[in-house]
Amino acid sequence: MEERLMVRLESAVARLEALSLRGGSVVESGRYDVAATDPSIVAFEDFTGTCFGRVSSAGEKIGGQVLEVTRILEQALNVQKELLIKIKQTQKPDLAGLAEFLKPLNEVIMKANSMTEGRRSDFFNHLKAAADSFTALAWIAYTGKDCGMSMPIAHVEESWQMAEFYNNKILVEYKSKDPSHVEWAKALKELYLPGLRDYVKSHYPLGPVWSATARAKAAAPSAPAPPPPPPASLFSSESSSSSSSKPKEGMAAVFQEISSGKPVTAGLRKVTDNMKTKNRADRTGVVGASEKESRTSTPSFSKAGPPKLELQMGRKWVVENQIGRKNLVIDDCDAKQSVYIFGCKDSVLQVQGKVNNITIDKCTKMGLVFMDVVAACEIVNCSGVEVQCQGSAPTISVDNTGGCQLYLSKDSLGTSITTAKTSEINVLVPGAEPDGDLVEHALPQQFIHMFKDGHFETTPVSHSGG
């Protein structure tokens with residue numbers, strides 16, 4: 001009890017100091033203090049003090065990167081508390097205002113995600129479990145049944161599923177090696193389930209309650225913002241088939257055929273008896289050198305291993321080493337499952353249902369058509385891939401990839417696109433007219449950094465086609 005009281009006193013002092021630095025008025029201070037003593041805020045402090053305290057204690061025993069990501073988690077929880085206080089003082093903003101209001105949450109999330117990038121460390125599973133769990137904090141962005149998100153309680157539960165994959169790896173790896181790691185993994189899960197879930201269930205089952213009297217504010221200077229709500233449906237069969245009057249080539253033609261809604265065999269010709277090789281006089285049983293060479297140059301399987309398309313342990317769809325397969329389909333999936341695509345070439349995969357997340361890793365000339373993802377679609381270490389979302393995706397990330405085409409629709413322009421170490425990234429969005437052509441936008445891959453007023457200012461290099 002004394003420790004909890006000390007934490008709350010320190011938090012109050014920090015708020016007063018921050019207010020004085022911002023030049024806040026006595027009235028603002030009074031309103032802030034009233035909001036900060038609301039039962040829901042006090043309950044949040046109690047919840048974090050109890051549940052996060054166990055994560056922090058285990059993180060300090062381990063140290064290193066695990067302690068670092070644990071402290072980032074503490075920042076995220078503090079920012080969410082500040083947001084909840086601000087919400088009680090602010091009218092409900094529009095979608096653009098909400099994104100600005102919640103902007104600080106993205107900064108903390110990106111800080112955690114950056115720790116999982118680059119060369120994998122010995123604590124990659126810890127970093128990934130913590131970073132993926134941050135998605136659960138985005139429940140605060142729920143604004144109603146039409147916002148594209150699950151309701152807050154369901155969102156917390158669904159978001160943890162992605163982090164649990166890596167959390168379970170920690171439990172298995174350190175079960176007989178180091179109890180501190182096991183304690184950290186168990187405490188991390190309890191922070192969200194039942195911790196955050198029960199808190200949201202008790203105080204915000206229908207989402208945040210904005211002030212009805214206060215004036216709307218543009219942003220919350222000290223709170224982190226989750227990624228924007230998942231967008232609605234992207235490509236309908238009608239819009240995709242009429243999106244361009246020009247004939248499509250390569251993978252784009254495959255995408256157009258998939259989206260057209262026509263049977264796959266509709267354009268095939270029937271093979272008659274006189275067309276069969278055994279009945280043709282101009283064919284012999286001898287295989288020519290040029291024909292033999294062309295056959296061996298296009299193998300139907302990868303040297304890295306046998307092709308796979310299977311569901312492992314009921315949680316993860318694995319698609320590996322598929323070469324030249326344009327008809328791969330996953331149609332029996334649910335929101336708790338993930339899809340991992342590895343080492344595929346010149347193939348197309350359709351995911352016909354809602355899944356938790358999708359990862360494309362080390363693929364070349366790969367096409368992906370999916371409906372909905374709960375968390376994110378990730379593209380890493382790839383070359384020449386095309387991705388079409390027919391439903392919703394909160395985040396699409398492209399890392400260490402050259403040549404990537406993303407197809408978005410009018411209802412999914414709020415998708416957050418993150419790129420790193422990439423080139424030739426193009427995003428196609430609908431034009432102004434309902435039946436107009438898709439408009440292609442190239443994402444910057446070059447930047448200019450200039451030192452001004454004591455800090456660096458970064459601007460993207462714009463290229464003109466004129």
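A residue is called buried when its relative accessible area is under 20%, and exposed when that area is over 50%; values in between count as partly exposed. The exercises below use a predicted model.

**Exercise 1. What percentage of the residues in the chain is buried, and how many residues does the chain have?**

Solution. The chain has 466 residues, and 44% of them are buried. Its secondary structure consists of 12 helices and 14 strands.

**Exercise 2. Compare the reach of helix H4 with its expected span.**

Solution. Step 1: H4 covers residues 64–87, which is 24 residues. Step 4: 17 of the 24 residues of H4 are buried, so the helix is largely enclosed by the rest of the structure.

**Exercise 3. Describe helix H9 from its start to its bend.**

Solution. Step 1: at the start of H9, a side-chain oxygen of Asp178 comes to within 2.9 Å of the backbone nitrogen of Ser180. Step 2: the helix runs over residues 179–203 and reaches 34 Å, close to the 36 Å expected. Step 3: Pro194 has its place in H9, and the peptide bond from Leu193 to Pro194 is cis, with omega near 15°. Step 4: at Gly195, H9 bends by about 30°.

**Exercise 4. Is Glu320 buried or exposed, and which side chain of opposite charge is nearest?**

Solution. Step 1: Glu320 is found in strand S2, residues 316–320. Step 2: Glu320 is buried, and the nearest side chain of opposite charge is Lys308, 4.1 Å away. Step 3: a salt bridge requires a distance within 4 Å, so Glu320 has none. Step 4: leaving aside neighbours within four places in sequence, Glu320 is in contact with Pro306, Pro307, Lys308, Phe342 and Cys344.

**Exercise 5. Where do Met313 and Asn381 lie, and what is phi in each?**

Solution. Step 1: Met313 is in the loop between strand S1 (308–312) and S2. Its phi is near 55°, a positive value in a residue other than glycine. Step 2: the relative accessibility of Met313 is 83%, so Met313 counts as exposed. Step 3: Asn381 lies in the loop between strand S6 (364–380) and strand S7 (383–389). Phi of Asn381 is also positive, near 55°. Step 4: with a relative accessible area of 32%, Asn381 is partly exposed.

Technical notes. Residues are numbered from 1 along each chain as its sequence is written. This is a predicted model: local features need pLDDT of at least 70, side-chain atom pairs count only at pLDDT 80 or more; totals for chains, interfaces and linings use all residues. Side-chain values use heavy atoms; hydrogens and water are left out. Helices (H or I, at least four residues) and strands (E, at least two) are DSSP runs, numbered from the N terminus. The expected span of a helix is 1.5 Å times one less than its number of residues. The bend at a residue is the angle between axes fitted to the seven residues ending there and the seven starting there. A polar contact is a pair of N or O atoms within 3.5 Å; within protein, one must be able to donate a hydrogen and the other to accept it, and residues adjacent in sequence count only if both atoms are side-chain atoms. Buried means under 20% relative accessible area, exposed over 50%, partly exposed in between (1.4 Å probe, protein chains only). Lys and Arg count as positive and Asp and Glu as negative; His and the chain ends are not counted. Contact means heavy atoms within 4.5 Å.
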